[in-house]
Amino acid sequence: MARKTILVAAGALALIGAASTSQAALSASASLGLVSTGGTPANPTYTYSISLKSNGTTTVGSFWYAWIPGQDYMHTAPISIVNPTGWHSTVTGGGATDGFAIQWAANSSASYIASGSTLSTFAFTSADDLNSLAGFSTFFPTKRVGTSVVYSGGIFSDLGFTFLVNTVVPEPAGPISAVLLVGAALLGRHRVA
């Protein structure tokens, strides 16, 4: 009986070790950038693009932007979504005490993001401005809107990897930028005799 207990315990430890190794192999990073603005002055809209990279030793088969289990972080629902080829999307969340999120999943393993590869065609249009997406959720004030999860296959196919999507905020063009541009133009016109 003692030998059987030891074998069962050893098997359980092996499964836990395998799960830990599998989890450590999943890693990702992403950046969100503003592509364009539209709408009207009273109701502006913003179109964003997300570039997602599989940094681990496994694939990425699904990506849930602005979400962790039970919490959706975007202030408003996306107006429209553009899916990468071979992927589909669903808007999640909503309600008086929850925000919104975008769940993207590959249609098949042929569309998974390979280890070390980047997919840059996730996009959406929203009424949320760039500062809102870079900031904290109004529904969950201790969580940043860009907090997201990836899975190596479909949604919930493993424990997932939680990370923060980097929001690229463009630098404003100020007086120093203008001086540098004028200086660069003058240098370009200067000829050596």
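The largest nonpolar core has 35 residues. Leu52, Phe63, Tyr65 and Phe124 make the most contacts inside this core. Strand S1 (28-39), S2, strand S3 (62-65), strand S4 (67-68), S8, S9, helix H2 (130-134) and strand S10 (147-151) each supply at least two of its residues. S8 gives the largest share, with 5 residues. In soluble globular proteins, nonpolar side chains tend to be buried together. Note that this is a predicted model.

Now turn to the sheet. It is open, has 5 strands and runs in the order S6-S9-S2-S1-S12. Its pairing is mixed. Strand S6 (80-82) and strand S12 (166-168) each have a single partner strand, so they stand at the edges, with one side of each left without a neighbour in the sheet. From one strand to the next, the twist averages 20 degrees. Strands of a sheet pair through backbone hydrogen bonds, either parallel or antiparallel.

Take the pairs in turn. S1 and S2 are antiparallel, with 11 bridges between them. A hairpin of 4 residues links S1 to S2. Within this pair, Leu34 stands opposite Tyr48 in S2. Next comes S2 (residues 44-54) with S9 (residues 118-126). These two strands also run antiparallel, and 7 bridges join them. Ser49 has Ala123 of S9 as its bridge partner. Ile50 has Phe122 in S9. Lys53 has Thr118 in S9. The next pair is S6 with S9, antiparallel and joined by 3 bridges. There, Val82 stands opposite Ala123 in S9.

Aromatic rings are the next feature. The count comes to 15 aromatic pairs. One of them joins Phe161 and Phe163: their ring centres are 6.0 Å apart and their planes meet at 20 degrees, so the pair is stacked. The cut-off for stacking is planes under 30 degrees apart. Phe161 has a relative accessible area of 22% and is partly exposed, whereas Phe163 is buried at 9%. Both belong to one aromatic cluster, together with Tyr46, Tyr48, Phe63, Tyr65, Trp87, Trp104, Phe122 and Phe124. Several of these names have come up already. Phe63, Tyr65 and Phe124 are among the core residues with the most contacts.

Three loop residues complete the tour. The first stop is His75, in the loop between strand S5 (71-72) and S6. His75 has a relative accessible area of 19%, so it counts as buried, the cut-off being under 20%. Its side chain makes a polar contact of 3.2 Å with the side chain of Thr138. Beyond its neighbours within four places in sequence, His75 is in contact with Phe100, Asp128, Ser132, Phe136, Ser137, Thr138, Phe139 and Val145.

The next stop is Asp98. It sits in the loop between strand S7 (87-93) and strand S8 (100-106). Asp98 is buried, at 12% relative accessibility. The side chain of Asp98 reaches the backbone nitrogen of Asp72 at 3.0 Å. Asp98 and Gly70 lie 28 residues apart in sequence, yet their C-alpha atoms are 8.8 Å apart in space. Leaving out neighbours within four places in sequence, the contacts of Asp98 are Gln71, Asp72, Gly93, Phe139 and Phe140. Phe139 thus contacts both Asp98 and His75.

The last stop is Ser152, in the loop between S10 and strand S11 (161-164). Ser152 is buried too, at 18% relative accessibility. Apart from neighbours within four places in sequence, Ser152 is in contact with Leu26, Thr58, Thr59, Val60, Gly61, Tyr112, Ser157 and Asp158.

Technical notes:
Residues are numbered from 1 along each chain as its sequence is written. This is a predicted model: local features need pLDDT of at least 70, side-chain atom pairs count only at pLDDT 80 or more; totals for chains, interfaces and linings use all residues. Side-chain values use heavy atoms; hydrogens and water are left out. Two strands pair if DSSP finds at least two bridges between them. Axes are lines fitted to C-alpha atoms, for helices over the stretch in contact, and angles run from 0 to 180 degrees between N-to-C directions. Buried means under 20% relative accessible area, exposed over 50%, partly exposed in between (1.4 Å probe, protein chains only). A polar contact is a pair of N or O atoms within 3.5 Å; within protein, one must be able to donate a hydrogen and the other to accept it, and residues adjacent in sequence count only if both atoms are side-chain atoms. Contact means heavy atoms within 4.5 Å. A nonpolar core is a set of buried Ala, Val, Leu, Ile, Met, Phe, Trp, Tyr and Cys residues joined through side-chain atoms within 4.5 Å. Rings of Phe, Tyr and Trp (its six-membered ring) pair if their centres lie within 6.5 Å; planes under 30 degrees apart count as stacked, over 60 as edge-to-face and the rest as tilted.
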